[in-house]
Amino acid sequence: MTVWLGIIAASLLVWALKNSGYVIPQRLVEGALISRIAGLTTVALLASLVVAQALQENASLVLDARVPAVGVAAALLYFKAPFLLVLLAAGLVAGGLRFFGLMV
Amino acid sequence: MTEGFAAPRLRKARAQGFQVAFAVSLSGVSFGALSVALGFTLWQTMVLSLVMFSGASQFAFIGVVATGGLAAIPAAIATSGLLGARNSLYALTMSPIIGRGFFRRALAAHFTVDETTAVSTAQEGRLASQHGFWATAFWLYLGWNLSTLVGALAGDALGDVQTWGLDAVAAAAFLALLWPRLTSLEPVVVAVAAAAVTAVLIPAVPAGIPVLCAAAVGIATGFYRHNVAPHAPEPGEAGVR
């Protein structure tokens, strides 16, 4: 139930944010500052989530099969590979390293 | 201008909407599969896609809960909310294009995300912008939810997260969402600083808090840089959800 409450609360929050832009009069928000902050906050959050997903194991940092997988993903993104291919490659690298017992 | 002259432009706007929606919808498969593999039920996964309907926020919610457990749910709500904040900026842009009418605006709000705004604002003229918006909205909502369902059903069959490297897929997903935004030095510096703050804090504070501290880095840098260099280019729009 707690997970459900979290999902509903987060969904309503995102929904409310989408609606806020249609309700708030445009002149009340200073465009340049707000869009600067929104852009950089998105960048900061995504970078943080990359680190947490790639290195976190409970409350510590570990180097395991996720790290080379993310490295391959970065290389593919550099060469402008499509989203799905990047994800597939990351899964194959991490899964493969574990399958052959090369990394945990 | 009569409808006859405008027709090709409107067709082009709708076609572009379909193409963008189709390409982006495919990543719904990875969201669905990942969500179920991380322990969310099929219905929880579908509600995220149907009601939250904002890719980065959805990935963030399941990611933070997966690393932090039930205790991290408040942080997961805050993180998806912060990532959803840019939708309210898109809404400000779309508001005059969408026009009047309570139900029309309420419906438009639900579909106001990266892709619909990008296609709409790329069109010439208000009518073409409207066609671009609604076409993208229609196909994206349909495609994103169908592919989430397909992914969720497949994810059920995949089983353990680690065997298939699905934990690495989650990290790659966030990197792929981040990548198109690294268009200048400013976002790169913020990304590196946020990553460092997260790495330092993970062993020190409860799960879910590091990501919020990283957000604070973004907010503080935005304020600072706005005062120092108010007209520097802002980070580019995302190409993927």
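**Exercise 1. In this predicted model, is Asp64(A) buried or exposed, and with which residue does Asp64(A) form a salt bridge?**

Solution. 
- Step 1: Look up the accessibility of Asp64(A). Its relative accessible area is 5%. Buried means under 20%, so Asp64(A) is buried.
- Step 2: Find the partner. Asp64(A) forms a salt bridge with Arg66(A), and the closest N and O atoms of the pair are 3.0 Å apart.

**Exercise 2. Which residues are linked with Glu186(B) in a network of salt bridges?**

Solution. 
- Step 1: Start in chain A. Arg36(A) forms a salt bridge with Glu186(B), with 2.8 Å between the closest N and O atoms. This pair crosses between chains: Arg36(A) sits in helix H2 of chain A (residues 31–55), and Glu186(B) in helix H10 of chain B (residues 185–201).
- Step 2: Now stay within chain B. The side chains of Glu186(B) and Arg225(B) also meet in a salt bridge, at 2.8 Å from N to O. Here the pair links distant parts of the chain, from helix H10 to helix H11 (residues 209–228), 39 residues apart.
- Step 3: Arg36(A), Glu186(B) and Arg225(B) are linked in a network of salt bridges.
- Step 4: Over all chains, the structure holds six salt bridges.

A word on the background: side chains of opposite charge can pair when their charged atoms come close.

**Exercise 3. How do helices H2(B) and H8(B) pack?**

Solution. 
- Step 1: Locate the helices in chain B. H2(B) spans residues 27–37 and H8(B) residues 126–158.
- Step 2: Read the geometry. The angle is about 40 degrees and the axes are 6 Å apart. The two helices are therefore oblique to each other, and H2(B) passes H8(B) in a right-handed crossing.
- Step 3: See who meets whom. Residues of H2(B), including Phe31(B) and Val36(B), meet residues of H8(B), among them Trp144(B) and Asp156(B).
- Step 4: Sort the contact by class. It has six nonpolar, seven polar and one charged residues.

Terms used:
Residues numbered from 1 in each chain as written. Chains lettered and ligands numbered in written order. Predicted model: local features only at pLDDT ≥ 70, side-chain atom pairs only at ≥ 80, totals over all residues. Heavy atoms only, no water. Axes fitted to C-alpha atoms, helices over the stretch in contact; angles between N-to-C directions. Helix = DSSP H or I, 4+ residues; strand = E, 2+ residues; numbered from the N terminus. Parallel < 35°, antiparallel > 145°, perpendicular 65-115°, else oblique. Left-handed = near helix turned anticlockwise from the far one by under 90°. Contact = heavy atoms within 4.5 Å. Nonpolar A, V, L, I, M, F, W, Y, C, P; charged D, E, K, R; others polar. Salt bridge = Lys/Arg side-chain N within 4 Å of Asp/Glu carboxyl O. Buried < 20%, exposed > 50% of the residue type's maximum accessible area, 1.4 Å probe, protein only.
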